[in-house]
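Take a moment with the sequence and the model.

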Amino acid sequence: MKILSKLLVASALLFAGAFSLIAVQDSAYSAGNAIDPTYQKECGACHTPFPAQFLPKRSWERLLSGLDKHFGEDAALPPKSLASVKAYLESHAADTAMGSARAMRDVPTTATPLRITEMPFWTRIHARQIERHAFSASKITSAANCTACHRGAVNGIYEDD
Ligand code: HEC
Ligand code: HEC
C-alpha cells in the first residue's frame, strides 16, 4: 500500500513537471484563438476543439466535407451546425488574417494536411516531446490529445501562466 501511494505521488509530480515545461512568451499563436461556442460543442465532443488557426482553409474544407468518415468515426453534423462550424473555421484558418502565419511556414502550397500534428510548425515545436516518446504515456495516448499537456486547450489557450 505504501509503495502504491508513493508511486501515485511520483506520477503526480511528473505530470506537474510536464505542465510547468510549457512556458510560452510568444503570443503569435494566440492571435485568433477565441473558440466559437458551437464549434467547441460540436468539434470538442471527442477531442480537444483544435484551433482553427493551426490549419489552412483548404484543410478545414476537406475535413468538413468528409465528416461521415472522420478518422474512422462518423462525425457528421446537421446542416445548421455545419454551416456555423464552417464559417468559424474558414474565417479563422491559418492562412487568414485571424490565423497564425507561423503555422503556415513550410507548408507546400500543394499540400492539404488533415492533421495539426503533421504540420511542420507543430512537429518542430514538439520535437523534444516526440523524441522522448511522451505521447505514448498512458494519460496522453495520442499527440492529438492537446489537453493532456495544455490545460487551456479547451478554450484555445496554449500559453501557460
Ligand atoms: C465522433 C467523434 C469525433 C467528433 C465529433 C469529431 N472528431 Fe475529429 N477526430 C476524431 C478522431 C477519433 C480523431 C483521430 C484522433 C487521433 O489520431 O488521436 C480525430 C482527429 C481530428 C483531427 C486531426 C488531429 C491531429 O492533428 O492529429 C482534426 C483536425 C479533427 N479531428 C477535426 C475535427 C472537427 C473540425 C470536428 C467537428 C466538425 C471533429 N473533429 C469532430 C473523432 C471525432
Ligand atoms: C506531450 C505533451 C504535449 C502534447 C500532447 C501537445 N503539446 Fe503542445 N507543447 C508541449 C510543450 C512541452 C510545449 C513547449 C515546447 C517548447 O517550448 O520547447 C508545447 C508548445 C506548443 C505550442 C507553442 C506555444 C507558443 O505560443 O509558442 C503550441 C501552439 C502547441 N504546443 C500546440 C499544441 C496542439 C495544437 C496540440 C494538440 C494537437 C499539442 N500542442 C499537443 C507539449 C505538448
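Start with histidine 47, which counts as partly exposed because its relative accessibility is 31%. Buried means under 20% relative accessible area, exposed means over 50%, and partly exposed lies in between (1.4 Å probe, protein chains only). Histidine 70 has a relative accessible area of 17%, so it is buried.

This is a predicted model: local features need pLDDT of at least 70, side-chain atom pairs count only at pLDDT 80 or more, and totals for chains, interfaces and linings use all residues. Residues are numbered from 1 along each chain as its sequence is written, chains are lettered from A and ligands numbered from 1 in the order in which they are written, and side-chain values use heavy atoms, with hydrogens and water left out.

What do these two histidines hold? His47 (NE2) and His70 (NE2) coordinate the iron atom of ligand 1, at 1.9 to 2.0 Å. Histidine 47 sits in the loop between α2 (37-43) and α3 (57-64), and histidine 70 in the loop between α3 and α4 (79-92), so the pair ties together parts that are 23 residues apart in sequence. Helices (H or I, at least four residues) are DSSP runs, numbered from the N terminus.

Now turn to ligand 2. His126 (NE2) and His150 (NE2) coordinate its iron atom, at 2.0 Å. Donors are N, O and S atoms within 2.8 Å of the metal (3.2 Å for Na, K and Ca); water is not among the atoms, so sites may look incomplete. Histidine 126 and histidine 150 are both buried.

Last, look at the loop between α3 and α4 again. Phenylalanine 71 lies there. Its phi is positive, about 50°, although it is not a glycine.

Methods:
Helices (H or I, at least four residues) and strands (E, at least two) are DSSP runs, numbered from the N terminus.
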